[in-house]
Every structure is written in C-alpha cells, then in structure tokens.
Amino acid sequence: MIRLEHLTKVFNTPNGPVRAVDDVSLELPEGEICVLLGPSGCGKTTSMKMINRLIEPTSGKIYINGRDTDATDPIQLRRSIGYVIQQIGLFPNKTVADNICVVPDLLGWDRKKTRARAAELLELVGMDPAAFMGRYPKELSGGQQQRVGVIRALAADPPVMLMDEPFGAIDPINREVIQDEFLRMQQALRKTIIFVSHDLDEAVKMADKIAIFRSGRLEQFASPDRLLANPANSFVESFLGSDRALKRLRLVRVAEAMLTEFDALRGDDPHARGKVVLEESGLPFAIVVDENGRPTGCLAGNAEAGVDAKVGDLARPVRATISTDADLRLAVASMFAQDMPVLPCVDDGGRLKGILTYRSVVKSLASAEARE
C-alpha cells in the first residue's frame with residue numbers, strides 16, 4: 001500500500017545543506033501499522049510528512065496503492081490520507097460533529113451521511129453520540145479530545161493514515177486505554193498506517209513493522225519480534241536497550257508458552273496421588289480444579305497430612321489466573337506479584353487449559369528467537 005523508493009530530503013540552511021532523510025526505501029503492505037522510531041532529529045517525522053507532501057522530497061519516489069504521489073494534486077492527496085497529530089488540532093469554534101466531518105464536508109458528502117458517519121465513529125470509541133455530537137472541544141477531557149482527533153482522521157474512510165505521536169500528550173493510564181481502543185478499531189478497519197513515536201514500548205505494542213532511523217538513514221526495518229531478537233547493528237541494539245528480552249514478553253501470547261501436558265488434581269483426590277503428581281512433574285505446585293475444570297487451589301510439595309487426607313483439605317486458594325489470550329508481560333508480572341511459580345492459564349469460561357512456569361516462559365522466548 002505504501003512504498004518509498006530512495007527517498008531523500010535535503011534542507012538548505014545558512015550553514016549549508018542538511019540531509020534530513022537519506023536514501024530511505026521500504027514497503028508497507030495493506031492493513032499494517034509501521035512505527036517510525038529513532039532519536040530526535042533522525043528524520044522520522046520528515047519521512048512521514050513527505051508521504052502526504054507536507055514536505056516535498058528532494059529526490060526519490062512515494063507510491064500509495066501503486067500510484068506515484070507526484071502525479072496527484074497535493075490538496076487531493078492530503079484529503080485522501082488520514083492525519084493525526086500530537087497536539088490534536090481540533091477547531092475550537094466547531095462542535096465535535098463538525099470537527100469529525102471536516103474532510104467529508106470538503107469532499108462534498110451529503111450532510112446527513114457525514115453526521116451519521118460521525119455518530120458511528122463516536123460509538124466506535126465508546127463516546128455516546130447523543131451526549132458528544134454537539135459539544136465543543138473545550139468541553140472534553142484530554143483523552144476524549146484525542147479520541148475525536150483519531151476518528152476525525154477516519155471520517156472519510158481513507159486507506160492510509162499518518163499519525164505523528166498521536167498519544168504522546170496523554171497520561172500513561174489514558175494512553176493505554178486509547179492505544180487498546182485504536183488497536184481494536186484497527187482489527188475491524190485494517191487501515192495502512194505510518195506512526196511516528198519516541199516510545200519503544202508503544203512501538204512494540206502497536207506495530208506490525210518498526211523502522212529504526214539514525215541521522216536520516218534507515219538502520220533496520222522489521223517486525224517487532226525480529227527486531228528485538230536480532231538487532232541489525234550495535235546502534236539498533238543500543239537503542240533497543242539491554243532489557244529488550246523483557247520487551248519481547250509483550251509479543252508472545254500465553255497460549256504459545258503454556259504447558260498443556262500436565263496432571264491436574266481434584267479436591268477429593270487422596271493426598272497420596274497429589275504427592276505422586278508433584279514428584280513426576282518436578283514443579284513446586286500442582287493445580288487443583290473443581291468439577292467444571294476451573295482452578296480452585298494449589299497443592300504444595302511440602303504439604304504434610306495423614307494417610308486419609310484429601311487434596312482439597314491441603315490445597316491453598318489460587319491467588320491468580322491468566323487468560324490464554326493475554327501476553328507474557330502480564331503473565332510474568334502476575335507470577336511475580338502473587339509469588340506463583342506455576343500460574344494457571346484459563347479460557348474465557350475460567351476453565352484450566354494449561355500452566356505457565358518460569359522455565360516455559362524462557363523456553364518460549366528462545367523458540368521464538370530461533371524461528372526468527
């Protein structure tokens with residue numbers, strides 16, 4: 001959907017020419033998000049702004065859906081591309097509905113159609129159209145303004161979106177919420193997105209591909225997992241940080257790392273069977289489930305009891321479980337917080353589907369790295 005070929009931008013300054021973007025080439029398939037990362041002044045924002053010709057390239061080519069953007073009127077080009085900026089840029093004298101409908105109105109859409117589109121998009125981000133359509137930006141919270149800024153870029157249903165640090169000015173809690181909402185929207189809408197960020201964690205969470213820039217040059221262009229597993233050079237390795245293995249936890253689902261071959265216990269099992277299961281597994285705990293297969297307790301290897309004791313009499317309550325759809329970052333955080341070296345992994349109905357151990361987490365990351 002987006003192809004850059006030998007893209008270069010040179011600015012003429014009083015101190016001589018400055019090569020802000022230097023021979024950048026990349027291809028982004030339809031429906032994917034590419035996050036541009038790098039130190040300040042590395043050329044990522046300039047590269048993005050050349051796509052909608054807010055900045056004209058010095059040389060090179062940009063193609064959107066196979067079409068050379070040089071052959072398109074710049075105004076028409078910009079109206080066909082969604083654009084979201086950190087400062088949001090809502091018009092203070094326009095209502096929420098009118099802000100959302102700016103581009104459809106410019107394109108001559110029927111007013112009834114544009115307002116219906118605004119209502120549809122507000123519902124998509126959890127804002128009641130009846131409550132928000134007639135409000136003005138000053139009557140919204142910062143997070144609500146950012147939501148409106150994002151859906152305004154979607155109003156004319158553009159195939160391509162450019163996002164310049166769209167969540168950078170939002171507090172961490174609201175940022176997570178808005179990122180999650182945006183990813184949920186992207187699952188349904190499948191836009192092709194170029195996204196500038198300074199936040200590596202945000203890039204790992206949001207991106208299908210990450211482009212690392214340094215001094216105007218593209219140092220590496222890869223999926224987040226490949227990037228974190230195999231940095232192309234020492235600069236990329238340093239930029240990603242020494243904790244990049246921990247960042248990869250976000251990229252692996254619990255279902256990919258959990259152990260599925262294990263013995264669960266029932267509360268009415270004799271303690272003797274519990275001891276056998278623990279000895280054979282080599283784990284510090286065995287999981288106890290109820291009649292519906294939901295984890296209810298953990299039996300420790302040091303539990304002492306009489307000959308007739310039952311597992312349910314000795315098991316401690318389960319402190320936490322994790323969804324099989326969650327990422328390993330959340331799972332490991334729960335394991336540490338709850339002191340659970342064996343974490344039950346459950347489906348949407350709360351039924352036990354697997355167990356996660358520290359060793360299975362490490363093995364999963366090693367397997368992923370080997371595949372990359």
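Guide: The charged end of Lys 113 sits over the ring of Trp 109, 4.2 Å from its centre, where "over a ring" requires NZ of Lys or CZ of Arg to be within 6 Å of the ring centre and within 35 degrees of the ring normal. Lys 9 likewise lies over the face of Phe 11, at 5.1 Å from the ring centre.

This is a predicted model, in which local features need pLDDT of at least 70 and side-chain atom pairs count only at pLDDT 80 or more, while totals for chains, interfaces and linings use all residues. Residues are numbered from 1 along each chain as its sequence is written, and side-chain values use heavy atoms, leaving out hydrogens and water.

Phe 167 belongs to the loop between strand 7 and helix 8, and Phe 182 to helix 8, 15 residues apart (helices, H or I of at least four residues, and strands, E of at least two, are DSSP runs numbered from the N terminus). Both Phe 167 and Phe 182 are buried, meaning under 20% relative accessible area with a 1.4 Å probe, protein chains only. Phe 167 also pairs with Phe 195, with centres 5.9 Å apart and planes at 55°, so that pair is tilted. Because Phe 195 lies in strand 8, the pair ties together parts 28 residues apart in sequence. Phe 195 is buried too, and Phe 167, Phe 182 and Phe 195 form one aromatic cluster.

Conventions:
Buried means under 20% relative accessible area, exposed over 50%, partly exposed in between (1.4 Å probe, protein chains only). Rings of Phe, Tyr and Trp (its six-membered ring) pair if their centres lie within 6.5 Å; planes under 30 degrees apart count as stacked, over 60 as edge-to-face and the rest as tilted.
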